[in-house]
Amino acid sequence: MAKLKLDNVTKRYDDQGDVVTAVDDMNLDIDHGEFICFVGPSGCGKSTTMETIAGLTIPTEGTIHIGDRDVTNLPPKDRGIAMVFQNIALFPHMDVYDNISFGLRLRDYPTDEIDRRVEHAADIVQLEGMLGRMPEEMSGGQRQRVAIARAIVREPDVFLMDEPLANLDAKLKVHMRTELQRLHKELDTTIIYVTHDQEEAMTLSDRIAVLNSGSLQQIAPPLTCYNEPDNLFVAGFIGSPSMNFVEGTVEGDSIVTKNFSLDYDPSTADGIAAGDEVTIGIRPEDIYPSALRDEVSDPSELIDARTDILEPMGDEIFAYMLLGEGETSMSQEQATNDQLLMSIDPDSDIDEDEQLQVVIDRSKVHLFDTATGEAITHSLEAAWNSEGVTESEAESDD
Ligand code: ADP
């Protein structure tokens with residue numbers, strides 16, 4: 001079974017005398033059958049990493065293995081891979097059958113083998129009955145399915161897909177996402193998928209590889225990246241809207257920020273000491289108006305806030321809160337120390353410009369080392385139970 005392994009892969013470009021490190025000492029171990037998404041902002045090295053796997057670029061340093069073979073210096077055609085790109089380059093003068101079978105015909109496969117593979121691939125991507133159509137007679141989604149079928153007939157060990165859905169409209173994208181998941185199940189093959197869209201990565205992947213500035217930040221299942229991000233970059237990149245970040249300092253058993261303090265259970269945050277500069281990370285869904293958390297609201301935990309903008313989304317309301325004397329309106333991009341974005345129940349009785357108190361679920365608070373960005377802990381206390389009290393509070397009530 002074909003595993004894919006990158007060992008210390010580095011790719012440097014000479015950009016008019018300046019050295020650009022597009023991929024920086026990348027190590028990856030991908031099992032047969034895994035669906036892996038490379039995700040990260042534009043320019044973080046996703047495509048270059050993919051190109052080194054495809055053989056379109058030779059790494060400056062490091063090795064790439066597919067199965068037991070060292071493919072580092074092999075041409076693309078000898079690697080057992082097939083590629084699907086964002087730009088669906090179909091031959092306009094060829095019908096679907098000829099487009100799908102082009103590569104096989106070039107390699108002189110026997111006609112009955114070509115027929116078998118084309119029919120099988122057309123069946124998988126649901127293009128039966130359309131093999132005689134010309135590309136101009138098809139929708140964007142159908143054309144992308146032809147491109148995928150063209151990859152399937154090669155029966156590759158590894159599929160490489162570089163933003164294959166980027167040019168499709170939002171509704172079709174969601175539909176094709178489900179199709180790709182079905183395809184992955186049916187083909188039982190390894191898929192490496194490049195996207196800048198963290199939502200696409202969350203829904204498709206077995207594991208997400210988060211990249212920034214050419215280096216791998218974390219590779220883990222989507223929910224692990226969401227719930228236990230290794231550093232500030234992953235925490236801010238995964239999740240929409242983004243996690244709130246507030247800078248603070250450790251004082252005794254509290255994290256003190258400009259507008260509020262949070263107590264922490266020292267057993268959950270090993271290794272921090274008084275005076276340490278830390279950054280608190282809180283997802284919008286882990287902040288509540290205090291009225292909803294009455295039973296746990298220790299007055300010291302209540303944070304004074306004023307609603308700035310409300311955005312009703314249907315299934316939730318995004319409430320942009322200003323803390324302290326915060327006067328400025330916040331953007332959805334990133335909260336500063338005076339602002340918090342809270343996601344609340346759509347039935348909540350809340351108005352713009354309302355003064356209220358909010359409470360943060362401390363069991364969901366992340367703590368990062370401000371200087372290095374590394375995660376320290378993903379909880380400041382034991383989780384709240386179904387009655388809305390912590391386990392230690394439940395015990396002390398008994
Ligand atoms: P992504 O796919 O994440 O947007 P890329 O892998 O395309 O990022 O690019 C990573 C970095 O390498 C960028 O800074 C880009 O400008 C640079 N780069 C990519 N290809 C070349 C090249 N052929 N010559 C010089 N620099 C390049």
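A backbone N or O atom of Gly43 sits 2.7 Å from an oxygen atom of the ligand. This is a predicted model.

| Residue | Protein atom | Distance to a ligand oxygen atom |
|---|---|---|
| Gly43 | backbone N or O | 2.7 Å |

On its own, the ligand has 560 Å² of accessible area, and the protein covers 61% of that. Two elements give two or more residues to the shell: strand 2 (18–30) and helix 1 (46–54). Helix 1 gives the largest share, 3 residues.

Which residues are around the ligand? They are Tyr13, Val20, Ala22, Pro41, Ser42, Gly43, Cys44, Gly45, Lys46, Ser47 and Thr48. By class, the shell has 5 nonpolar, 5 polar and 1 charged residues.

Now the strand pairing. Strand 1 (residues 4–15) runs antiparallel to strand 4 (residues 61–66), and 5 bridges join them. Thr10 has Glu61 in strand 4 as its bridge partner.

Strand 4 also pairs with strand 5 (residues 69–70), again antiparallel, over 2 bridges. Here Ile66 is bridged to Arg69 in strand 5. Strands 4 and 5 form a hairpin, with 2 residues between them. Gly67 lies in the turn and has a positive phi of about 60°.

Terms used. Residues are numbered from 1 along each chain as its sequence is written. This is a predicted model: local features need pLDDT of at least 70, side-chain atom pairs count only at pLDDT 80 or more; totals for chains, interfaces and linings use all residues. Side-chain values use heavy atoms; hydrogens and water are left out. Two strands pair if DSSP finds at least two bridges between them. Helices (H or I, at least four residues) and strands (E, at least two) are DSSP runs, numbered from the N terminus. A residue is near a molecule or strand if one of its heavy atoms lies within 4 Å of it. A polar contact is a pair of N or O atoms within 3.5 Å; within protein, one must be able to donate a hydrogen and the other to accept it, and residues adjacent in sequence count only if both atoms are side-chain atoms. Accessible areas come from the Shrake-Rupley method with a 1.4 Å probe; for residues, only the protein chains shown count as cover. Ala, Val, Leu, Ile, Met, Phe, Trp, Tyr, Cys and Pro count as nonpolar, Asp, Glu, Lys and Arg as charged, and the others, Gly among them, as polar.
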